[in-house]
Amino acid sequence: MFSLKQNCWFIKKVVIWRAVASIAWSVLLLPVTTALFVLLSRFSLFHPIQWISECTSLLTASSTIFSLVVLCGVIVMTGFFNLEFYTLVPSIPCSRVALLGTVLHPRQCVHSLVYCTMGMLVMWCASVTISGRYSTLGTPCRQTESDELVTCLNEYHLFLLLAGAFMGYSHSFLGVVQNMYYVSFQPIQQYKYPRFKGSLPAVVKCSVIQSLYSARNFAALYFFFGYVPKTWISSTLNLQIDSSVQPLDSLTGLLDFSLLYHLAISGTFLYLTWYLTVLLFRIYVTEAYSFPVQSTFTEDAEQCLPKVLVEKDTSVMKFLALQDLALLSQHSLSRRLEVFSLSQPGGHPHNWNAISKECLSLLSELTHRLVAHQDAVASNGRVKSQSASSDTRSASSSSSMMSGTEDIPETPRLSVPLRTPGSVFKSSVGGVHSALTAPFTPDVDSPFSSPAIRRLVGQQEPHSPWGGTVQSPHVMRRGPKLWSASTESQTNGSPLASPANVCSPPAANQKPSFLAQWLQNRREQLPEASSQALFADSQAHIWALQGLSHLVAASFSEDQFGVVQTTLPSILSCLVVLLEAVDRHFKLPHASSKPARSICSMGDSTYKTLRFALRAALKTAIYKITTTFGEHLNAVNISSEHRKRLQQFLEFKE
């Protein structure tokens, strides 16, 4: 219980306070962005003195100060959502149905509703700041028949409020589609200020572009459906419609340069405040943290690097620990010596054993994941026959006997769970594996799926011709599609199907319904999506490769007790087996194709190229070890196949 409390306090100290610091800086930057917005909203090229004086008086007005207070509350709420929804493993839906399910998830619906509200608040502050015809929702007007002074609906104010709600939903929607809450670690570490300064132009550019896109889309939407909210609000609030003013849901009403200009700069202000909060959160959370390798006090043992590395519940701490391992293995001689040291009393290499065991476990898990995916692809999403599966198991067992990797636990091929990256690490704040943090979105088991969809798609009989992951006959006639191997039956770590569930060919009189066939086609995996999802958490494996290889290379001259040499055969065998699995994966269709560059967005797309970074890091790690040890590797007890592969690295033929 004491260690659990210490660990919770440690997490709060590192993660929560970093998030608080990012929110504080976002609040401090708010007056600057507000001042820029005021200058642009009152811009006058031909009256510069009047422009400056009006902006100065407006910035000191009570309405502006109240708007700043409201905007501070919006930023605090935005920072809270960043802390609650952030993930280190991106959500990669592998089908169109999965993407739709993520957008319609109840948690995501609540998120969208809150952001619509915050967008309206930001636009209300912007309209109050601009003032003039945008200041209030009700404006005095005279009726044409009786010439009586009544309160009419100010459509300009309503237009900005609805635009804020639309932009808030767009931000929430793009947060899912573009993985805006995915936080990636930079390969080259920078201090916070240079990183913020370098990213600021891109953030401003994305804010302007997104504002223009949203303004265009909202203007088109309001043109067709603007009369609905206008009529409903006017009747609800008992406001009259001023017939003397041109309505904005018409072509002539929307062709107002002043209105479109204020809509564009207000949207830019909205997106800029939110994007700056996201940027600062990413910078603070991914800042490198130095863990002590060992501690002389028992109460601080949970904060040491070997203990944090094996942590399963707090992914951000595990990522920070792996990042620290990669850094210390390259740049810190004193900390490397602590890794190679022996415990007193007893003389056991506890530090090295814990670090190497966790790194090998991560790499072995990735190898098993790739092998399971390749088995599914080889059978085009269907389980092999019993004889084929037994041959596979016998081949894998003989290969493992020859490789000399008895230290790495092997499991039967068909019983290996195709674990998604999200099942390896969990969210450190919520503690719940939600659909927003899982790389594969739940399909028929998710809360939004109806019983009809379960019957049509996911809950067929085991021996049904259309059960499991069999493609429709139209898809099968097009030939094998290696990227369409379904992984949805193995979502969230469920085991692969057993040989008893082999599907028989469809009978002549058994044809699926049109709706079932359409849903099945929609469930086909998107090209590259399955490959990206397999390597979604590969940043952890890259750091494990870098840490292991540099520590092994440094042990050639720094390991006084020979603690690394005892595990060197297992390390070399693990690296070679992983390299073979990676090489086989890159021979699959779309696995080696570079993803297309997307338009400017705040979504981090570095996960799309993680498989290439992992392959490069893996080869670099093997080269680091072979060039350091050279011909001394001939004395290491490994299999002949692995020795031949390492010989190619020694001869620089890879």
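Colleague: What should I know about the numbering and the model before I read any values?

Modeller: Residues are numbered from 1 along each chain as its sequence is written, and side-chain values use heavy atoms, with hydrogens and water left out. This is a predicted model, in which local features need pLDDT of at least 70 and side-chain atom pairs count only at pLDDT 80 or more, while totals for chains, interfaces and linings use all residues.

Colleague: How many helices and strands are there in the chain?

Modeller: Helices (H or I, at least four residues) and strands (E, at least two) are DSSP runs, numbered from the N terminus, and the chain has 23 helices and two strands. Of its 654 residues, 51% count as buried, where buried means under 20% relative accessible area, exposed over 50% and partly exposed in between, with a 1.4 Å probe and protein chains only. With contact taken as heavy atoms within 4.5 Å, residues 24 or more positions apart account for 80% of the contacts in the chain with a separation of 6 or more.

Colleague: How are two packed helices described?

Modeller: Two packed helices are described by the angle between their axes and the distance between the axes. Axes are lines fitted to C-alpha atoms, for helices over the stretch in contact, and angles run from 0 to 180 degrees between N-to-C directions. Angles under 35 degrees count as roughly parallel, over 145 as roughly antiparallel, 65 to 115 as roughly perpendicular and the rest as oblique. Here helix 22 (residues 610-629) and helix 23 (residues 640-650) pack at about 85° with their axes 9 Å apart, and they are therefore roughly perpendicular to each other. In their contact, Lys619, Ile622, Tyr623 and Thr626 of helix 22 meet Leu646, Phe649 and Leu650 of helix 23.

Colleague: At what angle do helix 14 and helix 20 pack?

Modeller: Helix 14 (residues 350-378) packs against helix 20 (residues 538-558) at an angle of about 135°, with the axes 10 Å apart, which makes helix 14 oblique to helix 20. The residues of this contact divide into 12 nonpolar, two polar and two charged, where Ala, Val, Leu, Ile, Met, Phe, Trp, Tyr, Cys and Pro count as nonpolar, Asp, Glu, Lys and Arg as charged, and the others, Gly among them, as polar.

Colleague: Is Thr129 buried or exposed, and which residues is Thr129 in contact with?

Modeller: Thr129, found in helix 5 (residues 106-130), counts as buried because its relative accessibility is 4%. Leaving aside neighbours within four places in sequence, Thr129 is in contact with Phe37, Val38, Arg42, Leu58 and Ser67. A polar contact is a pair of N or O atoms within 3.5 Å; within protein, one must be able to donate a hydrogen and the other to accept it, and residues adjacent in sequence count only if both atoms are side-chain atoms. The side chain of Thr129 reaches the backbone oxygen of Cys125 at 2.7 Å.

Colleague: Where are Thr102 and Thr566 placed?

Modeller: Thr102 belongs to helix 4 (residues 96-103) and is buried, with a relative accessible area of 1%, and its side chain reaches the backbone oxygen of Ala98 at 2.9 Å. Thr566 is placed in the loop between helix 20 and helix 21 (568-585) and is exposed, with a relative accessible area of 59%. A polar atom of the Thr566 side chain lies 2.8 Å from the backbone oxygen of Val563.
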